[in-house]
Amino acid sequence: MILLAVELTHVGRFRETIRLGPFERGITVLAAPNESGKSTVMRAVARALFDKHTTRGDEIKSLQPAGTDLAPRIAVEFATQAGRFRIEKTFLQSPRSLLRQEIAGSWQTVAEGDGADLRLQELLQSTLPGRGATRPEHWGFFGFLWARQGEPTAWPALDEEGIGQRIRSQLARVEIDPVIEALRQQLSRDADTILTSTGQPKAGGALRVAEDDLAAIEQELASLRRLQSELEASQRTYQNALQQVALLEKEHEDKKRIANETQALAQKAEGVKHELETRQVEFTTAREKLSAIVHDYDLLQQRAKDCEGLQSKQASGQAAIGAAEHRVSACRTQREQAQSARPHLENKVQSLRQALQRVQSLLKYRSLLSQHRVLLRQTEQASETVTRIQNLRAELSRLPNITPAKLRSWEELADRSRSLRAQLDVAGLEVILTPDQDSAIQVAEALKIREEILSAGKSVTLRSPQSIDLLLPGWGRVVIHSGAVETKTLSKDLTAAESRLQEELKSEGLASVPLAREAVARSQELSSLVRSLETALKQQLESQPSLDLLKDSAARLLSRADALEASLALTPAEREISQTELESEDARLAQACPAAEAELAALDQKLARLHTEEREAGSELQRVTQAHHTLSLTLQTVQSQMEALKARYLDGLDAARSRAQVHFAEAEARWKALQAQLPPDFEKLPERNRRATSVLQQVANELQQRRAERDQAQGALESLGGQGLYSRETDLEEKRVEATLRRNAARLRGTSARMGQLLIDFRKEAATRSVLQPLEDRLTSTFAEMSGVQHRKVFLDDSLRIVGIGPSRDSTHRFEDLSQGAKEQLLLCLRIAVAQELATKEPQTLILDDSLVNTDPARQIRIGEGLASLAKNLQVIVLTCHSDRYRDFQQISLSP
Amino acid sequence: MLRFLHTADWQLGARFSQFGSQGTPLRAARLTTLQRALDYAQTHALDAFLIAGDLFEDNHVDDSLVVSVVDLFANFSRVPIFILPGNHDPFTGPDCVWQRKSWRKIAPHVRVFTEPGTHPLSADAFLVASPLRQKRSMVDPSLALVALAAALPASAIKIGLTHGALAIEGKHQPNDFPISLQAASRAGLDYLGVGHWHNWLVDTDGGRIIMPGTPEPDRFGHDQAGMGALVEIAQPGQKPHVTAIPFATLSWQTLTFDLQNEAAARAALDSFLAAYRSHPDKAVLRITLTGSSSAQHLATLQEELSTRLAPFLVGQLVDDTRLELSPVELEALHQRHPLLSQIFADIDQLERFATGQNAGSVSIARPTDSALSLAEAQALLGSSRIELAQLTRADFVFLRQTLLRQLQEVSA
């Protein structure tokens, strides 16, 4: 709907009829000062469009001019998809309502009174309250698109039923199909009768009742099952006891038989055992007697045999004694022979050793003398070299101490002087003298006066750098000066160079540079010579660090030679003998001496061996002599024993043995015959008998216990078996099936209904979410355009409420926390977005009644400009007291 | 001529959980049937009434039932009755049904075989029986008959009696007392009466091994139950002549009511109910609703059918209907309610998550770009404590049906 025109009579401060309009699409500014009735106009329009003409209430009465009872009369012309209409309503006194439609250029009545109100309600899709005047939520889209004065930051709830849902559905393009909504509600109701919102069975619902019934049945069944378990346990106990009783009865019989048999056997064995003991004594006596006789017999036989052996050994022992004595004698003879040869050999070795020692001392003496001579020669050479070195160093020390660098410096200075002088010569004075006669003149130059001899008629040229001082004989002194600056400079430099050179040479005691050069060359030559002599001296000293030590060494050698000579007391022959002969003698003695020593050692070894052999032969003789004596004693003892044994048996040993054997065999036969009558383990019979009796008693006890258990289990089984457990279980099972069916059916109904409801809710929300993003984008760009602030995104929730603004959904400034200005700007944007969406189906009016009171003037102007571009498809009516901020838009006044 | 009635698997005291608390009359009917069979035997002066195991459903049935049975047997004193404990009521010991005090005063014409034994049926006929003493065993109980039969005169007619599963390949469990298919021949029996399975089974071992099934059906679909075997043997070695004698008290019948063709279904229903109208207390009926219908119509129909089934002993109504939309209707649904279309896709996705399988033919969803993720599904259902992993295919079928039916209702 869009407004076309408004006429007010008796409304607020408009006592006379006032007509506003025509309103066009786009922006229309209703500018007037505060309290001039702008908002009253819009309130009156809303009352005319949405309230029944018969409504009486404060909201209607507030339209009356202050202090009057005049009936407010309002006419509103508007357009919808259905056409152009005009509603005229008079409230309070003589209320009336007339709806007309423009048809073919003229207004034609459509309905009057309540019919007009109802028809209007249909056209505008508005609703009525139960009683009283309407509120914005009853005004359809108009209520949402009117930003009312004083409520610029209030936003209607879009999640309410009715118009809120319609707006929401259109914005979100979600089909809120009334059939689907009814289906959702029906499913929700069905689910709620069975389940709670959290999926629990609802108290009193079919599912809870069935579950309670089932629980009770299950409890009874569990009790029954326990009885059945007891029955089964008793059955198992009974079966086990039955089997065990059968086994134990059989075992008892077996054990009883065994115990009886064991007892009889034990008694019989006891009698046999007593008789056996008597027989065993007889048998033992006969066996011992026979054993003694056999022992004596065997002993006699053995002694006779021993006697023969001893006699044989006695003869052999005698022969061994003779052989041992012979061997002792032979060993002694050999040892004495060897012993006699030893002193001669020992003397020989001694004399050879002494001769060898003397010869070696002589050789040492001569060697010392020889070494002494060599050292003397080295000492002389070294002394001469040392003297030469000292001389050279003395000469070297007398030479000026000029380094090659210093010499090079002087040479460079001399070269520079020469060069300067040559330059002066070229640039300096030149005096040509040609005397008429021979004469001598004096030329003063450089503080010296030289005489120059001149020949008559012959020209002599004198040159000087700057001046020439001549003493001409007969004429006087002639000084010629040059005025040239260059020669002055050259002359000055030359003087400086020469002065410096002379001073430096003088400081070293030298007259000229060539002399310096010679001194340097000599110094280098002497140094080289000293170094070569020092090398030679080192070789002459060999290992000695100095000449004095070399001399000490030679003196010590001589001293040692003298001492050796004194100790040797040399004979004249020894002094005369040559070195070669002496060395030959030394070699001969060196061989002869070890040979004699070896011969002596071999003789000593032989002597030791002969000693050993002699001792061994003595020992052997002693051993065989002792053995022979022992044998003789043993033989005597054996012969005595044999005689004693024979004396025991008067009728002979063989006869006695035969009698004893017969007695033994008879006693043994009687004993064995009786032993065979005993059981094999007759010793264990008493123990076996006791054990068998004990086992029998144990089995009897066990049998009695098992029989008691069996009887007890049998009693329990008969008692439980007769209770008809199965029949009771049947009854409960049948009830359980029925309750289970009820429960399953209820659960299925409830779950299905809940799932259906949840799926519808989910899809509705999903559809909303799917359009949220583009709507947010549109809002964001609109807000940026109006506020001039970029890079802030606007976020909405599922109910299309503004959540806040910020860079991301997780970090927004909440709408509640924004400034009033930002809030009203955001809501303006949202209203524009909503209006644009709604306008795609039907023209819409957006009313902004002082909706930017918190926004600064500059921004209001920009918003106004932005509105112009955004509201092309809308009708925007701006109520403001600042007409200057909207001067580019159509403005209407409130003048009658 | 030896003539006797061979029965088995009376299962007195049986449980009928599928009917909830309606089991009592069904149990009572089995006792009525036993009385009828005994009466037949006495009336026809048969030589014996054999019960080849499972007279009782369980060893722990009520004493009152045991007393009733003992009293019933006492009323038919002219018929020798031979009872064999089966796997449901094995002779296990003091707690078993055969040790109840009631049996101590049993009449002499009744014998319970608590262990393998022989009993003369006539001058030249003997009964050899091998009872069960445990609930499960891998031993063929007919083996005990071999020695017993061998001890009988060669000229005698030898009747065997035992209980277990015939060892038919693929049809028995190894621990279910497997009985050789040549058990009668092996023991030299003229006839071997066996009990265990509840349907009539003959023609084993040359017609000498017979399993008569239960004389009173206990479930729908047992078409070969409700009979006893009348056996006539002229002389030893001759093939027995066996006649099935119907004894069943109750008739177990089912009908499918297809809503796709309701008129035809109604006609069939009328005919079906008419057949049992004369003896409603003997009818155990089940009507299964199939096809598609509006919820309101379905509720109305269910109410009507419940009323019509009420006079019968047991009337069970099973709802297997499915609200199925035609392709045109389905297309319209997707066009009109795109959000619901998305939700059907979500349900398919949930089913995939929960069962690991695609919805397949039950799916009514369209391909969508916005598939539900597993995290979303878990979060969605988790808010109401619905465990995705606990949901089954049936839950999703029901959910689709719920949505479609509720949609029908709110659309109306």
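Predicted model: local features only at pLDDT ≥ 70, side-chain atom pairs only at ≥ 80, totals over all residues.

User: Ok, new topic. What's the strand order in the six-strand sheet of chain B?

Analyst: The order is β5-β6-β7-β10-β12-β11 (chain B), in an open sheet with mixed pairing.

User: Which strands stand at the edges?

Analyst: β5 (117–122) and β11 (201–204) of chain B. Each has a single partner strand, so one side of each has no neighbour in the sheet.

User: How many bridges join β11(B) to β12(B)?

Analyst: Two, and β11(B) runs antiparallel to strand β12 (residues 209–211) of chain B. T204(B) has I209(B) as its bridge partner in β12(B).

User: Which strands does helix α3 of chain B touch when it packs on the sheet?

Analyst: Helix α3 (residues 143–150) touches β5, β6 (125–129) and β7 (157–163) of chain B. The direction of the helix makes about 160° with that of β7(B).

User: Over to chain A. At what angle do α7(A) and α15(A) pack?

Analyst: About 160°, with the axes 6 Å apart. That's helix α7 (residues 206–398) against helix α15 (residues 685–721) of chain A. Angles over 145 degrees count as roughly antiparallel, so that is the label for α7(A) and α15(A).

User: Left-handed or right-handed crossing, for α7(A) passing α15(A)?

Analyst: Left-handed. The residues of the contact between α7(A) and α15(A) come out as 24 nonpolar, 11 polar and 11 charged.

User: Last one: how many residues of chain B are in contact with chain A?

Analyst: 43 residues of chain B, meeting 43 residues of chain A. On the chain B side, α8 (338–355), α9 (374–382) and α10 (393–411) each supply at least two residues.

User: Which of those gives the most?

Analyst: α10(B), with 10 residues. By class, the side of chain B that touches chain A has 16 nonpolar, 16 polar and 11 charged residues.

Definitions and conventions: Residues numbered from 1 in each chain as written. Chains lettered and ligands numbered in written order. Pairing = 2+ DSSP bridges. Helix = DSSP H or I, 4+ residues; strand = E, 2+ residues; numbered from the N terminus. Contact = placed C-beta atoms within 7 Å. Axes fitted to C-alpha atoms, helices over the stretch in contact; angles between N-to-C directions. Parallel < 35°, antiparallel > 145°, perpendicular 65-115°, else oblique. Left-handed = near helix turned anticlockwise from the far one by under 90°. Nonpolar A, V, L, I, M, F, W, Y, C, P; charged D, E, K, R; others polar.
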